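Student: I have just opened this one and I am new to it. Could you walk me through some of its features?
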Amino acid sequence: MNVSFNKNNDAVSGILKLEIVKADYADQLDKDLRSIRQKANVPGFRKGMVPLGLIKKMYGKQALVEVVNKLISENLFKYIRENDLHVLGEPMPNETEQKPLDFDHSEDFEFCFDLALAPEIHIELSKNDQLPFYKVKVDDEMINTQVDSYRANFGSYVDGEAVEEKDMVKGTVAELENGTPKEGGVVVENAVLMPMYIKNEEEKAKFIGANVNSVVVFNPNKAYEGAEAEIASFLHVEKEKVAELTGDFSFEVKTISRHQPAEMNQELFDKVFGENVVTSEEEFKQKIEDALLEQFMPQSDFKFLMDIRDLLVERAGELKFDDALLKRWLLASNSKNTPDQLEKDYPQVVKDLTYQLIKDALVRQNELKVTPADVDSFAKRVAKAQFAQYGMLSIPEDVLNNYAKEMLKNAQTAENIANRAVEEQLAAWLKEQVTLDEKEVSADEFAKLFE
């Protein structure tokens, strides 16, 4: 088989030609036809005994097309890979040089494909290039907020004597009529409410200070005004029936549970970070600060890449594309695309594509390679960050490993993690090429930078 590639004058597209002769496919075609013969059920012949000539007559064209298509697919992408052609999109059938195909009479075939190529990109950076690099300042307020969160997460419930706003109150609810339980009315055993979620202040006030075994008369319809689903859930009735329940109900208080934050002691330290990892409040807060800084660093890198984008695009200069070929591929690859919508979206497509090609070129030219071990390591960090969001900082290594492996089983997730690992390496390399103007900002100030 002869495979050749000729660049067009624009240097960002070309025609790849595959010339297939009978010798390229004859053996495989014969093998496939004999395989078909073994399975074919043809009236008048025993299975496997159909004459090969008849098999060729019945299935020869279909088998030839399949063999040739397989040869095209294998050799087309093999040539692209071995010759390091940076193709945009997918190869498209050529519309001008492609000769008519005749699978009925021809034995030799020629296939022509249009390739859109990424333009050559060369970018030079130096320490004369200064860019901001934002670091989030972890202040005492952030640390204390996190401390309070851990104390709440690892806290416990104690019995209360009189109801307070944040208490959880359990008891029996009964529908009233003329101040007494209504015959056949709604009754809910083990009903649960928290005064803090009662919207009406007057209804809420009825519960504050109530003791165990006391009875509170209140109106659920007023207490949770407009929240039909919440009232239905509380009273164990259908949502449609809520509108009928406008009267008072009694609530006999059975238990009062009050959340008690965990004490600031070794038991809390061990639950958060593992046994004896930290042994004092000072070490505990330092660990929290370190964890918060680690969580913010990827966001700092992301902001840095956003800020350096304009500089990289400027240094790359105006990139040329084969617009007609790119548009043809975009229309063919997405059935939802229309010519009019594509014309509208195309400038943004080119803008995004330009930056992606710049990043790819920098990664390739500077040999920033991500190994499977790098991807596994990054996946573990992602897993660790996800656990940290729920206050779980002391996760055993084997648990992190298993969680990361499960994440990477999803092809889309694995690709996303690999891309993030590459961007991390790119950000690290870029930071070494330029001068960083480090700026320490608060978390709120940092968030506003993305608005």
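Tutor: Let us begin with the second largest pocket, whose lining takes at least two residues from each of β3 (87-93) and α10 (339-365). The model is a predicted one.

Student: Okay, which element supplies the largest share of that lining?

Tutor: That is α10, which supplies seven residues to the lining of the second largest pocket.

Student: And how much space lies in the second largest pocket, and which residues are closest to its centre?

Tutor: About 500 Å³ of space lies in the second largest pocket, and of the 21 residues that line this pocket, Leu85, His86, Ala118, Pro119 and Arg364 are the closest to its centre. Sorted by class, the lining of the second largest pocket has twelve nonpolar, four polar and five charged residues.

Student: What about the largest pocket, how much space lies in there?

Tutor: The largest pocket holds about 1,100 Å³ of space, and the elements that give two or more residues to its lining are α8 (281-316), α11 and α13. Its lining is made up of 34 residues, and those nearest its centre are Glu294, Gln295, Pro298, Arg381 and Ala385.

Student: Which element gives the most to the lining of the largest pocket?

Tutor: That would be α8, which contributes 13 residues to the lining of the largest pocket. By class, the lining of the largest pocket counts 18 nonpolar, six polar and ten charged residues.

Student: Switching to helices: which residues of α12 are buried?

Tutor: In α12, the buried residues include Leu400, Ala404 and Met407. They cover an arc of only 55° around the axis, so they sit on the same side of α12.

Student: What do the buried residues of α12 pack against?

Tutor: The buried residues of α12 pack against α11 (372-389) and α13 (411-433).

Student: How far apart are the end C-alpha atoms of α12, and what span should its residues give?

Tutor: Helix α12 runs over residues 397-408, and its twelve residues should span 16 Å at 1.5 Å a residue; the end C-alpha atoms of α12 are 17 Å apart, which agrees.

Student: New topic, then. Is Glu110 buried or exposed?

Tutor: Glu110 counts as buried because its relative accessibility is 15%, and buried means under 20%. Glu110 is found in strand β4, which covers residues 109-117.

Student: What does Glu110 touch, not counting residues up to four places away in sequence?

Tutor: With those neighbours left out, Glu110 touches Lys17, Leu18, Glu19, Glu97, Gln98, Lys99 and Leu101.

Student: And Glu82, is that one buried or exposed?

Tutor: Glu82 counts as exposed, because its relative accessibility is 56%, and exposed means over 50%. Glu82 has its place in helix α2, residues 52-82, and the C-alpha atoms of Glu82 and Leu311, which are 229 residues apart along the chain, are separated by 33 Å.

Student: One more thing: what is phi of Asn190?

Tutor: Phi of Asn190 is near 55°, a positive value in a residue other than glycine. Most residues other than glycine have a negative phi. Asn190 is in strand β9, residues 187-193, and Asn190 is exposed, with a relative accessible area of 65%.

Student: Where does Asn213 lie, and what is its phi?

Tutor: Asn213 lies in the loop between α4 (201-207) and β10 (215-218), and phi of Asn213 is near 75°, a positive value in a residue other than glycine. Asn213 is exposed, since its relative accessible area is 55%.

Methods: Residues are numbered from 1 along each chain as its sequence is written. This is a predicted model: local features need pLDDT of at least 70, side-chain atom pairs count only at pLDDT 80 or more; totals for chains, interfaces and linings use all residues. Side-chain values use heavy atoms; hydrogens and water are left out. Helices (H or I, at least four residues) and strands (E, at least two) are DSSP runs, numbered from the N terminus. Buried means under 20% relative accessible area, exposed over 50%, partly exposed in between (1.4 Å probe, protein chains only). Contact means heavy atoms within 4.5 Å. The expected span of a helix is 1.5 Å times one less than its number of residues. The arc is that of the directions from the helix axis to the C-beta atoms. On a 1 Å grid over the protein atoms alone, a cavity is a set of points where a 1.4 Å probe fits but cannot get out, and a pocket is an open set with protein on both sides within 12 Å along at least five of seven lines; lining residues have an atom within 4 Å of a point. Grid points are joined across faces, edges and corners, and a volume is the space filled by probe spheres set on the points. Ala, Val, Leu, Ile, Met, Phe, Trp, Tyr, Cys and Pro count as nonpolar, Asp, Glu, Lys and Arg as charged, and the others, Gly among them, as polar.
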